[in-house]
Number of protein chains: 2
Amino acid sequence: MQRTKIVDALKRTDYGADVNIKGWVRTRRGNKNVSFIALNDGSTINNIQIVVDLAIFDEEKLKTVTTGACISATGKLVESQGKGQTVEIQASDIVIYGGADPETYPLQKKGHTLEFLREIAHLRPRTNTFGAVFRIRHHMAIAIHQFFHERGFFYFHTPIITASDCEGAGQMFQVTTMNLYDLKKDETGSIDYTNDFFGKQASLTVSGQLEGELAAMALGSIYTFGPTFRAENSNTPRHLSEFWMIEPEVAFNEIEENMQLAQDFIQYCVKWAMDNCQDDLKFLCEMYDKELIERLKFVIENDFVRLTYTEGVKILEEAVSKGQKFEFPIGWGTDLQSEHERYLVEQHFKKPVILTDYPKEIKSFYMKQNDDGKTVRAMDVLFPKIGEIIGGSQREEDFQKLKTRAAEMGVPEKDIWWYMDTRRFGTAPHSGFGLGFERLLLFVTGMTNIRDVIPFPRTPKNAEF
Amino acid sequence: MQRTKIVDALKRTDYGADVNIKGWVRTRRGNKNVSFIALNDGSTINNIQIVVDLAIFDEEKLKTVTTGACISATGKLVESQGKGQTVEIQASDIVIYGGADPETYPLQKKGHTLEFLREIAHLRPRTNTFGAVFRIRHHMAIAIHQFFHERGFFYFHTPIITASDCEGAGQMFQVTTMNLYDLKKDETGSIDYTNDFFGKQASLTVSGQLEGELAAMALGSIYTFGPTFRAENSNTPRHLSEFWMIEPEVAFNEIEENMQLAQDFIQYCVKWAMDNCQDDLKFLCEMYDKELIERLKFVIENDFVRLTYTEGVKILEEAVSKGQKFEFPIGWGTDLQSEHERYLVEQHFKKPVILTDYPKEIKSFYMKQNDDGKTVRAMDVLFPKIGEIIGGSQREEDFQKLKTRAAEMGVPEKDIWWYMDTRRFGTAPHSGFGLGFERLLLFVTGMTNIRDVIPFPRTPKNAEF
């Protein structure tokens, strides 16, 4: 008999039909006459109840049907008597695929801490929490592709291994096939990378933006969605050494259109979660974050406030003058800290905020310079609870201005000749931004540690599984 | 005025409307009265024609409107007089964003070789060929997500950096943050990896399968779609050091369902291309491979032939006995070469072929062992022109059998304790396969060098851009 997924079985109303369900035992309870098995197959957070009449089943055989065991159950679909359940299965046949020794199976008892579950990341997708998180992760990835595909963007794969670090976004991981026990050096004592796989020093990408710009200047509207790496030794709940990033880049978009795209994009994703992940969101809301669903609604229903960095700093300075305390000093020219961003979003505007036109000194060389000579057309999208969720800008399309700024900021032209070519040949206004996928997931799931929204987190001293 | 993308403008029939088009000049020709600009914005392979009446435009200004220049053209949409075009624009205003000096712009002339274009990979997306290839690449990625999403699979991100090489699929790239000029060693002379970023030796993944299996044993049906790395020094038209792979894994699927999934999957993708990439396919068919579209139809319309390796070898041996010549010898127990695979597909069956039940010696430790003691439930999908496009298997779910086979094949149990846990706790039959994304693209685009279907190919001695 064809297997029915539990997510589908729970929606059926053709009571009396024979069905086959396969999955893992969450609990088994009962008495000497009847046994109730709560079965889950990962297709939904909801279990289906298998009712086993002990008059027709060998109780000895059922002994291995304990939490974590995998079974196939065939029987009649019936309307459930229990509350909170719609249907259940009256078993006529049970096949046991694999037991799970109660003495050694780590997910035996309920109420494990998230810290403990991180250590068994190979098993944690079997829990309600991580089942919910990873189903939502799937849905957010689909929403992202759907959003861009509907708008005529092309998904573009920028390279993972790169011989350039132009963005200067952070420390990089080196990639090599050299024998570290026998490193060849040249006459000056420098390592001779002509022996390495790529014939030069190579690293893992910190951003696909520069290559994404090349594509936008050919295909018009593109986005990347791939892994990105930072070798920073930061052990915080907001940093990963390996994370996934989405970077759209659009020819002919100026900063205003870039802001609108960012708002449309993130509202689309959050609405997708609300429409498609109700059961999982409800669970996470009840278990971890009572205000989660309210916060998601709030983002969908409110336009994002747009103001300049200069205006933002003024608001923060006024708040300080009225007694608001911040750990870090605030003043024009300094980068905003998370506490400042959250004050603007959560206390002052009570809405998501897009800050624009930052001092050029605290932003990258490729951002479009404003006529004031002091600021660039950067934009950061600030969100409740997590602060910056998106960073982007209009790009400097003027060859000479870009060349001068790159030189001022110490970016060697020999490393970006190919990037400069986009301004040398057929340059055009263009804009884009980057969204850290796991930052979005923190917001949508309500989880507070970024290690809990990616299947196998990589952090300093941790590359297990 | 809101910009109209060329793909949309070409479909419009509201002649007389004012429209704005932005894009890059492909060609400009004309006489002393009128100038015709063929403009492309990457949204489609088709250009739109901008008609410039030189009585109302300064010819001096138009001098920089040469191949590669970027312009914004506003004017009336009119029915085209030229053949092969539907609409054109009678320009009333032209803004020049950026010129492209004919003396230095590399894409000036037509007819560049693919080899030359590989050297300017940062500009080649602006050509018809690579515009077509990368739009098709986008569509194939969307088709893949759509296929699995519709069937209730979850997209699962397996790690890129890993401290284990269990699959043994190939040579690996090492990932490190150690200072190579000052490598610390322990008393035995071994490099002390406790100083490295992850506290142990780490590499780039060669496959997400083992981690994918962990997920399938929790979420039921999953797929991966991410970059994969092989540090093999092979400079062939079929190998990349960095490529993208799709690996579905399904709990409770046996080999027959795995074969059906593979066929459904690949037919879905090819049909998507036929339905959504007509103009680009037509161009590639005309330019590079006259039989391309016929071959795509052929794959959609024919069930894949299923037979065992043993039967396949018999057919090949019979062919040899009747005079068929192969470079490599054929015999039970040896791995099939591309020439053998293509003989079965192109000469014998004239259909795609799925070969199953290979000798266990030539396949991986995790494949389910058949009762004959000699073969395992492997499956390879063989395609015309490119040979193996998919490799997969039912997995060995029996803890003891897997443990024994891993030991026989030299896979240390200490490296796969977490993988073994899936068989220790709630094991179940399951199956999956891997598809190299670029192999699929070779098939769908008709390109013959794998470097031409990925934006920035990484191969030995090459990590430019």
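**How many residues of chain B are in contact with chain A, and how many of chain A with chain B?** In this predicted model, 115 residues on chain B meet 115 on chain A. Putting the two chains together buries about 9000 Å², and carbon and sulfur atoms account for 67% of that area. Three residues of chain B stand out here: B:His157, B:Phe252 and B:Phe425 supply 9% of the area that chain B buries against chain A, more than any other three residues.

**Zoom in on B:Lys200 and you'll find a salt bridge to A:Glu464.** The closest N and O atoms of this pair sit 2.9 Å apart. Between chain B and chain A, the count is two salt bridges. There are also 45 residue pairs in polar contact across the two chains, counting pairs with both residues at pLDDT 80 or more. On the side of chain B that touches chain A, helix 4 (residues 128-150) gives the most, with 11 residues.

Look for A:Thr176: its bridge partner in strand 8 of chain B is B:Gln174.

**Last stop: B:Gln209, in helix 5 (residues 209-219) of chain B.** Is this residue buried or exposed? B:Gln209 counts as buried, because its relative accessibility is 6% and the cut-off for buried is under 20%. The side chain of B:Gln209 also makes a polar contact of 3.0 Å with the side chain of B:Tyr366.

How values were computed: Residues numbered from 1 in each chain as written. Chains lettered and ligands numbered in written order. Predicted model: local features only at pLDDT ≥ 70, side-chain atom pairs only at ≥ 80, totals over all residues. Heavy atoms only, no water. Helix = DSSP H or I, 4+ residues; strand = E, 2+ residues; numbered from the N terminus. Buried < 20%, exposed > 50% of the residue type's maximum accessible area, 1.4 Å probe, protein only. Polar contact = N/O pair within 3.5 Å; in protein donor to acceptor, adjacent residues only side chain to side chain. Contact = heavy atoms within 4.5 Å. Buried area = accessible area lost by both parts, 1.4 Å probe. Salt bridge = Lys/Arg side-chain N within 4 Å of Asp/Glu carboxyl O. Pairing = 2+ DSSP bridges.
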